[in-house]
Amino acid sequence: MTRSTLCLFVAGAALIVSGCAAVPATGPTAPSAVAPVSSQLLEDVRILSADDMQGRDTGSEGGERARAYIVSRLEAMGVQPAPFGRLQRFEALGRTREGVKTFSGVNIVGLIPGTRVADRYIVVTAHYDHVGVNDGQIFHGADDNASGVATMLELAARLKAQPPEHSVLIVALDGEERGLLGAREFVKAPPVPLSSLSLNLNFDMTARAETDGHLWVTGTYQHPNLRPVLQAVAPNGAVSFAFGKDTPQDTGENNWVDASDHGAFHEAGVPFLYMGVDYHPDYHRPSDTFDRITPSIFTSATEIAIAGFRALDRALDR
């Protein structure tokens, strides 16, 4: 995740930065039981954050390996390619420790047709890149953002089993850590008209909610009609939605409006919501590893994210 407009350095590594019907605000229902741990959800994070992924830097062998794995997961689920194909290749200038250079990136795109408004789309995004290897250390990026990709893949599996009302574009984006490169390419050359996008729902860092028990939702200040939809979603186990980090009073690193790929959609005029956890001590460090994730917390965060998607899918375009 990129939660600053500055290029930061930690442990010697570059931190690259870069219409809805309202639901009555009756408050959330009673907390639901803790969801059973999904072995596939955890396996996706374990594989994507393993040493052989080499930190999944854009244009690296590790990034290519991660891309092949995500494509294989979508193919196994039967998620069809987008109208322009499965992959969206691009070249763009991005930030590095040494300055600006050209990166060759690849977005991965799948399509799940909707049942009610098939010509309107919810774009679900999660970036699969991370910051790679720096000073001989692998930056594993288990929470940032293997977790968001795993949450998105779990959602895709659920949508294949129970189709959505809107058509859904499942998009694993590249180059987020280098300046939202893949997201900017996607909105510049989308597989469907930009005007047909009802919402971008972006997952970035969904695993480590133990810090405050929240999966934060950013974007309801900009789109207040979406807030009551999600306020009605029950907590799952120890994880509940929290809203904010999107007002004029939220400054610096505490403002997440442009902190991840949803920023590119926001700039393009597409309604957006971001879901992610707050900072933790392993953020953008080699210690952001799979073993630091509490399975029950991550599973609950994924379950509430999916419940939030379902609520939005029902409410939009009515």
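Select aspartate 317, which sits in the segment after helix H7 (295-315). Its phi is near 60 degrees, a positive value in a residue other than glycine. Aspartate 317 has a relative accessible area of 24%, so it counts as partly exposed. Bear in mind on this tour that the model is predicted.

Move to threonine 299, which is in helix H7. Is threonine 299 buried or exposed? With 1% relative accessibility, threonine 299 counts as buried. Show its side chain: it reaches the backbone oxygen of proline 295 at 2.8 Å. Threonine 299 and serine 38 are 261 residues apart along the chain, and their C-alpha atoms are separated by 6.9 Å.

Next select glutamate 43, in helix H1 (residues 39-48). Glutamate 43 counts as partly exposed, at 31% relative accessibility. Which distance separates the C-alpha atoms of glutamate 43 and phenylalanine 290? The separation is 9.6 Å, for two residues that are 247 residues apart along the chain.

**The whole protein**

Zoom out and colour by secondary structure. The protein has seven helices and 13 strands. Of its 318 residues, 61% are buried. The accessible surface is about 11400 Å², and carbon and sulfur atoms account for 53% of that surface.

Now colour by pLDDT. The mean over the protein is 91, and 89% of the residues reach 70 or more. Select residues 4-31, where pLDDT stays under 50. For this stretch the model has 84 contacts beyond four places in sequence. Where pLDDT is low, the predicted coordinates should not be read in detail.

**Aromatic pairs**

Show the aromatic side chains. How many aromatic pairs does a search of the whole structure find? The search finds five. Begin with phenylalanine 186 and phenylalanine 265, a tilted pair with 5.8 Å from centre to centre and 45 degrees between the planes. Phenylalanine 186 belongs to helix H4 (residues 181-188) and phenylalanine 265 to helix H6 (residues 262-267), so the pair ties together parts that are 79 residues apart in sequence. Both phenylalanine 186 and phenylalanine 265 are buried.

Then select tryptophan 256 and tyrosine 274. Their ring centres are 5.8 Å apart and the planes stand at 80 degrees, so this pair is edge-to-face. Tryptophan 256 is in the loop between strand S12 (240-243) and H6, while tyrosine 274 is in strand S13 (residues 272-276), so the pair ties together parts that are 18 residues apart in sequence. Tryptophan 256 is buried because its relative accessibility is 0%. Tyrosine 274, with a relative accessible area of 0%, is buried too.

**Lysine 245 and its rings**

The charged end of lysine 245 sits over the ring of tryptophan 256, 4.8 Å from the ring centre. Where else does this charged end sit? Select tryptophan 216: the charged end of lysine 245 is over that ring as well, 4.5 Å from its centre.

**Histidine 262**

A polar atom of the histidine 262 side chain lies 2.7 Å from the backbone oxygen of tryptophan 256. Histidine 262 has a relative accessible area of 0%, so it is buried. Which residues is histidine 262 in contact with, leaving aside neighbours within four places in sequence? They are Asn200, Asn202, Trp256, Val257, Phe272 and Tyr274.

**Two backbone stops**

Select aspartate 144 and asparagine 145. The peptide bond joining them is cis, with omega about 5 degrees. Asparagine 145 is placed in helix H3 (residues 142-161).

End at aspartate 135, in the loop between strand S7 (133-134) and strand S8 (137-138). Aspartate 135 is not a glycine, yet it has a positive phi of about 50 degrees. Is aspartate 135 buried or exposed? At 55% relative accessibility, aspartate 135 counts as exposed.

Technical notes:
Residues are numbered from 1 along each chain as its sequence is written. Side-chain values use heavy atoms; hydrogens and water are left out. Rings of Phe, Tyr and Trp (its six-membered ring) pair if their centres lie within 6.5 Å; planes under 30 degrees apart count as stacked, over 60 as edge-to-face and the rest as tilted. Helices (H or I, at least four residues) and strands (E, at least two) are DSSP runs, numbered from the N terminus. Buried means under 20% relative accessible area, exposed over 50%, partly exposed in between (1.4 Å probe, protein chains only). A charge sits over a ring if NZ of Lys or CZ of Arg is within 6 Å of the ring centre and within 35 degrees of the ring normal. A polar contact is a pair of N or O atoms within 3.5 Å; within protein, one must be able to donate a hydrogen and the other to accept it, and residues adjacent in sequence count only if both atoms are side-chain atoms. Contact means heavy atoms within 4.5 Å. Accessible areas come from the Shrake-Rupley method with a 1.4 Å probe; for residues, only the protein chains shown count as cover. pLDDT is the predictor's confidence in each residue, from 0 to 100.
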